[in-house]
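Colleague: I am new to reading structures. Could you walk me through one, feature by feature?

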Amino acid sequence: MNKPYTTIIGLEVHVQLATRSKLFCSCSTRFGSPPNTQTCPVCIGMPGTLPVMNRKAFELSLKTAVALNCEIPRFTKWDRKQYYYPDLPKGYQISQFDLPLSQNGYLPISDSKNQFEPKRIGIIRAHLEEDAGKSMHDEAAGVADSRIDLNRCGTPLLEIVSEPDMRSPAEAKAYLTELKLLLNYLEVSDCNMQEGSLRVDANINLHIDTPEGKIATPIVEVKNMNSFRAVERALEYEAKRQYEVWQETGRKLGDVPKSTHGWDEQAQVTREQRSKEESSDYRYFPDPDLVPVATTDEQIERARASLGELPAALRTRLEQTYNITPYDSDVLVNQGRDMVEYYIEVADACGDGKPASNWIQQDVLRTLGERQIGIAQYGVSAKALGELIGLVKAGKLTTSRGREVLAEMLASGKSAEEAMKGMGIEHLDESALEDLCRELLNANPRIVAEVKEGKQKAIGALIGQAKKKNPNVNPARVREICLELIEKEN
Amino acid sequence: MSLIDQTAVELLSNLTSGNLTSVELTGAFLDEIERRDGAVKAFLHVDADAAMAQADEIDRNRTAGKPAGRLAGMPVAVKDLLCTVDVPTTCASRMLENFCPPYDATVVARLKAADAVLIGRTNMDEFAMGGSCENSAFHPTHNPWDMDRIPGGSSGGAAACVAARMAPLSIGSDTGGSIRSPAAMCGVTGMKPTYGRVSRYGLVAFASSLDQLGPIAQTAEDTALLLEVIAGHDLMDSTSVDRPVPKYTETIGRLLEGLRIGIVPEHFGDALDDEVDAAVRESIRVYESLGATVKNISLPHGKYAVAAYYIIAPCEASGNLARYDGVHYGRRTDEHDSLIGMYSRSRSEGFGPEVKRRIMLGTYALSSGYYDAYYLKALKVRRLIRQDFDRAFDQVDLIVGPVAPTPAFKIGEKADDPLSMYLFDLYTVGTNLAGICGISIPCGISGAGLPIGLHLQAPTFEEERLLRAAAMFQRATDWHTRKPSPV
């Protein structure tokens with residue numbers, strides 16, 4: 001990380017709130033319906049119609065703002081952001097300008113791989129606004145044809161604007177991951193980037209150390225990033241590009257207007273979209289069709305009470321209660337609340353957090369990944385997995401045998417004991433095992449001699465034979481017993 | 001007395017008693033429209049067949065013993081800015097020439113639910129911007145008292161149709177005087193209710209924080225009847241107020257004992273026509289003779305009202321009218337080669353000069369760098385004006401004065417002087433800025449035979465007080481019974 005510059009990143013995230021109806025009318029917000037089938041006179045801005053605020057959207061916003069440690073002003077209002085675009089039927093978007101519903105919060109981020117120090121990313125504000133419609137440009141057969149779908153028009157969006165507190169693309173990605181996780185835990189959004197329910201714009205520039213002091217490069221807004229990976233790559237690319245441009249031109253912040261670049265996923269480059277030569281004047285003013293909203297202490301307390309245990313607190317609790325590493329708690333918590341609950345049940349059932357975490361990470365997650373399912377659809381209950389882990393821990397099964405049993409449990413839905421019975425796995429008691437070992441030693445005097453000469457490795461051949469005679473033997477135990485018996489002979 | 005000269009209250013009682021059918025009544029008003037509206041031009045759209053069909057259905061329901069609505073069978077004219085399903089709603093603009101809404105405004109829905117017969121759509125200044133009805137894109141409306149003169153505006157058609165007895169009741173809208181001013185010019189009674197008293201849902205917006213729908217009628221009683229039907233909370237309008245609607249028609253006959261009237265000396269200055277001055281002073285004496293006391297009050301910021309109004313209203317209008325860009329709403333130009341070109345040509349072709357002027361004023365005043373100096377300052381002035389009224393109403397029950405500085409002026413007289421047109425609103429815009437209620441009632445006839453209006457203003461939600469005061473006056477005078485001579 002010996003770059004001659006510091007990267008400065010701030011993110012604007014638009015999150016579609018998981019309300020059933022739109023922000024100012026009762027139309028459905030469902031994704032993927034045929035164009036213009038989820039509209040009414042209000043959301044298409046028909047002359048004479050008036051907006052009425054969706055209380056649920058406000059509650060979800062409040063909940064998110066509280067979880068982001070924001071201040072909640074007791075008074076907030078709606079403003080019109082005015083601009084002309086065909087997918088904006090009223091000619092203005094109802095948003096919040098100078099008195100947003102929340103401000104001055106933060107989101108702590110950390111990296112379990114220690115790529116950066118844990119830090120807080122400041123949240124400048126989180127405000128509520130309505131989404132615009134969608135323009136679809138069909139340029140097939142050389143005929144440029146634009147069509148407008150207003151299904152999305154009026155869908156509630158929470159815009160979360162961070163401080164420029166991120167110092168690397170990795171931090172930006174960590175912030176987004178943590179934010180998305182938080183929103184998932186709060187159940188305020190499904191955060192599906194493909195369906196546009198989470199959209200990210202980034203502002204980035206560099207602070208370059210030069211002999212004449214620190215120089216800032218012009219700020220660039222990067223858009224059109226369709227995954228967190230894309231955000232990371234686009235920012236990596238953009239930082240490098242800005243450094244090269246600075247080396248070539250020496251242009252500093254203020255020398256050129258702020259520009260907007262779009263990320264080209266195919267070419268893996270950012271391309272300039274437009275220069276904000278004359279920064280657009282949105283002529284914001286308070287929307288006279290809506291009454292200001294007074295947020296009460298009671299509402300805020302209700303929002304706080306509805307948060308549940310959030311990711312950061314959960315990680316700490318798992319580390320402390322179940323004695324697992326920050327890396328492990330991170331993996332588990334990042335899987336979502338359902339997985340954490342599953343883990344806790346497994347750990348409690350087998351009485352040990354560490355193997356519970358290992359089994360889930362190595363075996364359960366692999367199956368979930370292969371089958372593209374969530375933990376709720378996983379066929380082995382937490383109690384059953386806990387039981388299995390308990391048997392392995394007690395030495396009644398080897399780990400690899402345990403895996404076979406788990407596969408059988410998954411296929412048949414049986415408990416661990418039932419699955420083992422079905423597979424013919426029985427626990428051998430100590431005397432039976434001792435008899436088996438004695439028999440092997442008697443049959444292999446050469447190996448016994450080798451061991452006596454100090455070649456303990458030779459025992460390995462006996463373990464193989466033991467397994468053949470009875471697949472239920474515990475290899476480690478076979479080794480121990482054989483060595484003990486040879487010792488006794490001496 | 002001929003059928004159409006009766007008050008709505010009288011007609012309603014005849015309809016209810018079965019002495020009169022809605023078909024007869026609606027037919028009589030349609031005949032009068034046929035006879036007179038060629039000259040007055042109060043209406044933009046009359047669907048006689050639809051009105052008669054509606055009247056017939058209401059009659060048949062009544063005969064069948066089905067429950068009848070509050071206005072069952074009564075014709076009501078509607079200003080052409082209230083959305084009505086499948087009825088052209090043009091706002092007297094080329095922009096909305098072909099607009100037929102798929103939904104009913106709340107007030108229209110309430111009229112329908114009350115079994116009123118929607119007799120026609122009345123002319124107005126384009127998008128309610130103007131005080132003379134000359135800004136209609138289709139044609140001006142003439143004052144039934146003098147065909148060379150304006151009927152006032154913007155609800156010029158709404159007032160003229162009542163004055164010419166082409167409708168017994170009519171709905172107007174008032175953003176800065178647009179009900180009260182034409183009511184005064186046309187010699188009828190017109191009320192701007194308190195902001196939030198009547199739902200604005202479906203009223204094509206001019207200035208959202210000032211617009212309010214209200215009744216226009218021959219008498220205070222008729223006004224009370226119509227207000228009772230249209231007023232009330234509406235979940236579709238966040239700015240409508242959830243407060244019970246008093247039974248105005250039941251209390252209207254009661255005298256207001258110990259009424260304290262306030263007059264604003266500045267309202268009787270140089271701007272005021274002598275005849276109007278005399279008529280208003282005489283009206284105040286009428287109130288005194290009825291037991292009222294009169295007191296001078298001060299509205300110190302009143303002199304800034306017109307200036308503040310002509311910032312705030314255009315600012316809101318510039319936003320409200322942005323949707324008429326030829327994409328989803330409004331006329332789309334035939335010739336265009338780019339999106340921006342299409343926007344600008346469509347808007348150039350669709351809007352008339354006064355609407356353009358106000359959009360430009362509002363756009364300018366909201367632009368970065370000017371917002372604080374204009375819009376924000378106007379909002380501060382508005383707050384001061386509201387405080388002035390609050391203080392005044394600590395001392396008096398009603399503020400009484402002129403509605404307009406002169407009786408109706410000649411068509412074309414102020415066409416080239418928008419500023420003098422704006423100044424014509426000086427007595428009425430304060431009511432809207434303060435959000436209170438006001439009523440205009442006939443109080444005299446000028447030497448030239450033109451009606452003069454008296455302006456009564458009361459605190460928020462004191463419509464009942466206004467109506468009782470108006471009715472008191474109308475029991476003591478007969479100005480409201482004067483009618484323009486038939487053509």
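**Reading a two-chain model**

Modeller: Start with a helix. At 1.5 Å a residue, the 16 residues of helix H10 (residues 305-320) of chain B should span 22 Å, and the end C-alpha atoms are 22 Å apart, which agrees. Bear in mind that this is a predicted model.

Colleague: Is H10(B) buried or exposed?

Modeller: Count its residues. In H10(B), 15 of the 16 residues are buried, so the helix is largely enclosed by the rest of the structure.

Colleague: And what does a helix do to the direction of its residues?

Modeller: An α-helix has 3.6 residues a turn, so residues three or four places apart point the same way.

Colleague: How far can I trust chain B, and what are the scores for the model?

Modeller: Look at the confidence values. Chain B has a mean pLDDT of 97, and 100% of its residues reach 70 or more. For the model, ipTM is 0.96 and pTM is 0.91.

Colleague: How many helices and strands does chain B have?

Modeller: There are 16 helices and eleven strands in chain B.

Colleague: What does the radius of gyration say about chain B?

Modeller: Compare the value with the globule rule. For 487 residues, a compact globule would have a radius of gyration near 23 Å; chain B has 21 Å, which agrees. Along its principal axes, the C-alpha trace of chain B spans about 65 × 55 × 45 Å. Of its 487 residues, 61% count as buried.

Colleague: Now chain A. How many helices and strands are there?

Modeller: Chain A has 15 helices and 16 strands. Its radius of gyration is 31 Å, well over the 23 Å that the globule rule gives for 490 residues, so chain A is more spread out than a compact globule. The box around its C-alpha atoms is roughly 95 × 60 × 55 Å along the principal axes. In chain A, 37% of the 490 residues count as buried.

Colleague: How is chain A divided into domains?

Modeller: Domain 1 of chain A covers 5-299, domain 2 covers 309-422 and domain 3 covers 430-489. Between domain 2 and domain 3 of chain A, the C-alpha centres lie 34 Å apart.

Colleague: Can we zoom in on a residue? Where is A:Leu440?

Modeller: A:Leu440 sits in helix H12 (residues 430-443) of chain A. To judge burial, count C-beta atoms; 20 or more others within 10 Å means buried. A:Leu440 has 22 other C-beta atoms within 10 Å, so it is buried.

Colleague: What is A:Leu440 in contact with, beyond its neighbours within four places in sequence?

Modeller: Its partners there are A:Leu462, A:Gln465 and A:Ala466. A:Gln465 is 25 residues from A:Leu440 along the chain, and their C-alpha atoms are separated by 7.9 Å.

Colleague: Where is A:Asn334, and how many C-beta neighbours does A:Asn334 have?

Modeller: A:Asn334 lies in helix H6 (residues 326-334) of chain A. With 17 C-beta neighbours inside 10 Å, A:Asn334 counts as partly exposed.

Colleague: Now backbone angles. What is phi of A:Gln268?

Modeller: A:Gln268 has phi near 55°, a positive value in a residue other than glycine. A:Gln268 lies in the loop between strand S13 (259-264) and strand S14 (269-275) of chain A. With 12 other C-beta atoms within 10 Å, A:Gln268 is exposed.

Colleague: And B:Cys91: what is phi there, and is the residue buried or exposed?

Modeller: Phi of B:Cys91 is also positive, near 55°, and the residue is not glycine. B:Cys91 belongs to the loop between strand S2 (75-79) and helix H4 (106-113) of chain B. B:Cys91 is buried, with 31 other C-beta atoms within 10 Å.

Colleague: Where is the cis peptide bond from B:Gly153?

Modeller: Look at omega. The bond runs from B:Gly153 to B:Ser154, with omega near 5°. B:Ser154 is in the loop between strand S3 (117-122) and helix H5 (156-163) of chain B.

Colleague: Last, how many residues are in contact between the chains?

Modeller: On chain A, 24 residues are in contact with 34 residues of chain B. The chain A side divides into 15 nonpolar, four polar and five charged residues.

Notes: Residues numbered from 1 in each chain as written. Chains lettered and ligands numbered in written order. Predicted model: local features only at pLDDT ≥ 70, side-chain atom pairs only at ≥ 80, totals over all residues. Contact = placed C-beta atoms within 7 Å. Nonpolar A, V, L, I, M, F, W, Y, C, P; charged D, E, K, R; others polar. pLDDT = per-residue confidence, 0-100. Domains from an automatic or database assignment. Helix = DSSP H or I, 4+ residues; strand = E, 2+ residues; numbered from the N terminus. Expected span 1.5 Å × (residues − 1). Rg over C-alpha atoms; globule rule 2.2 N^0.38 Å.
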